[in-house]
Amino acid sequence: MSTRYPFTAVVGMDDLRLALLLNAVSPAVGGVLVRGEKGTAKSTAVRALAELLPSVAVVAGCRFSCDPASPDPGCPDGPHEDAGADARAARMVELPVGASEDRLVGALDIERALAEGVKAFEPGLLADAHRGILYVDEVNLLHDHLIDLLLDAAAMGSSYVEREGVSVRHAARFLLVGTMNPEEGELRPQLLDRFGLTVEVAASREPGQRVEVVRRRLAFEDDPVAFAARWADEERALRERIVAARELLPRVVLGDAALLQIAATCAAFEVDGMRADIVMARTATALAAWAGRTEVTSDDVRQAALLALPHRRRRNPFDAPGLDEDKLDETLERFKGEEPDEDPEPDGPDGPGDGGPGGPGGVPPQGEGPASESTASGNDPAPESEPAPGEAPAPAAQEAGPGSRPGAGERAAVTAGEPFRTRMLSVPGLGEGAAGRRSRARTEHGRTTGATRPKGALTKLHLAATVRAAAPHQKARGRTGRGLVVRRDDLRQASREGREGNLVLFVVDASGSMAARQRMGAVKGAVLSLLLDAYQRRDKVGLVTFRGRAAEVALPPTSSVDAAAARLEQLPTGGRTPLSAGLLKAHDVLRVERLRDPSRRPLLVVVTDGRATGGGPDPVGLAARAARLHASEGTAAVVVDCEAGPVRLGLAGNLARELGGTAVTLDELRADSIAGLVRNVQGNHSAARRAA
């Protein structure tokens, strides 16, 4: 067995270590979500925690780790009336991102269940993690249905496996820890809420602390056993403290005053539901036990809020988790020492201060740990220029490159308009991509559309088709009783149709013809709305912009719509309109992505007024040829027509016909517009081909 890096040797990251230890003291807190940039020892700290957990007593031979003192009466390996007991170390089970549903919850042998009437169940990772740690690295990349199963089991303390009327239940209580890099995409707010605590980590900017990190890591790699031995006393002391805190926990009193502070804090920060109040109460109680006290204090409530509330305040995917600490302190001070009313008002008290969704954000204090450092987001947004009246475009005196600073003929970035709910745009045909919510696809989950012979292990039984296949052979097989005689050749796999996520590649015109402030603000608002729609439908997104003499990939395809929104916000405008360059750059991006992920189908969204004034001697002809290149490869396309004013040339419509796609105006893009019916690209795609 390999030697793990000691938990006590981790440098800094005070809040991460505290959050993990609180869950070790009280698993009812609900787990930890660790958010941070790559290379910040998130996984190292989590894996090191397993060595600190006390050993567990289990029923001998039980695959589900039942406690001999109170075995699960519904255990599939039970009953355990006279079974012996064994002691083993607490397990840390890792859930791979690419794991299947059967690997997570366990697998039922449907063939034996039908033919022999036997519940043959192979335990999954949830059973292995019972009474231990379940660790999910890159939890934001896990399929949504697996996250739902995982969090349901964590909330209920048990796992249910249902297959065509055959069901198995077993206990599944574990410490859930997930890590993620926000640059690779966010978790849905509903899923964020299911994690008890969250911690932000970042690499330290203190040279001395970074030196110590490197020194310890090199020493560990040179001789892991000797390094671990040097920290053995600290590890032993921390392990004993965890055991003592666990024993003290039932005696900790959560007084009415502390409970009122918890309720007032959650109300002041307008968190949804009651889960935050419950998690804060459990966290504050664990903090008191960790400190060796039997009563929860105001400081415990404050620290619990910093760990339990930041990720619960996101109102949309582009909100960064955070907490206004000034508002928190004011709320705690206001309700300090008060007793709850006998007949409280239905609504919680509003805390003073100017925090909230638009107020200053913050993260839990990290002391001298690296998580107290923030990472620069790149170049600052260019300052806004003075408003231009009407729809007059910016002068094109300077041919600006895509990445240059605003200058003559170029305007600074303008703020995006308010996002809105957009109409649904989908890719034609039936795909086989990753599960999502946009286009039709063959999936593991969805409505049943047919049956096939299984290729390999049977995963989704089509019961009616199986019975029909077995029925004609019952006499030949010597059936005498009521049971159906089923052979493996009779089994049929259910074919299911659901929805997939797509690659939505935005090609945005940032030229001078788009530079009027009100107009560009509306365009950015439309793209932001489409990005929000892509987030909700589990798409990957990419961003290509064109202006001046060339086009650039502002954001390669990614699962992080936050990054796309940030690039969009900083986008300046000006110069000529090299439409052909933008389309050709998009073609290059899609060509590479088809090699990387051939099952993910693309949707090209071109945001332009259709003008082409740069890129060669015949810019209109070049743009038409580039559009036909996309059409020849069957790329589904939508052109968002940004042309404004009383006189319209219809150039965006011409571009859409060359692309074999459809054109929609900014107004038509809204789901609540008069023409806001669900528009499927397939129908328009086919109509455009027939017209051509």
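**View 1. Glu-138 in the loop between E7 and helix H6 (144-156).** Helices (H or I, at least four residues) and strands (E, at least two) are DSSP runs numbered from the N terminus. Although Glu-138 is not a glycine, its phi is positive, at about 55 degrees, and the residue counts as partly exposed at 22% relative accessibility; buried means under 20% relative accessible area, exposed over 50%, and partly exposed in between (1.4 Å probe, protein chains only). The model is predicted, so local features need pLDDT of at least 70 and side-chain atom pairs count only at pLDDT 80 or more, while totals for chains, interfaces and linings use all residues. Residues are numbered from 1 along each chain as its sequence is written, and side-chain values use heavy atoms, with hydrogens and water left out.

**View 2. Arg-131 in the loop between helix H5 (125-128) and strand E7 (133-137).** Arg-131, which is not a glycine, has a positive phi of about 70 degrees, and at 23% relative accessibility this residue is partly exposed. Most residues other than glycine have a negative phi, and most peptide bonds are trans.

**View 3. The cis peptide bond from Gly-78 to Pro-79.**

**View 4. Helix H19 (residues 619-632) and the residue Gly-634 just after it.** The 14 residues of H19 reach 20 Å from first C-alpha to last, close to the 20 Å expected at 1.5 Å a residue, where the expected span is 1.5 Å times one less than the number of residues. Among the buried residues of H19 are Pro-619, Gly-621 and His-630, and just after the helix Gly-634 takes a positive phi of about 75 degrees.
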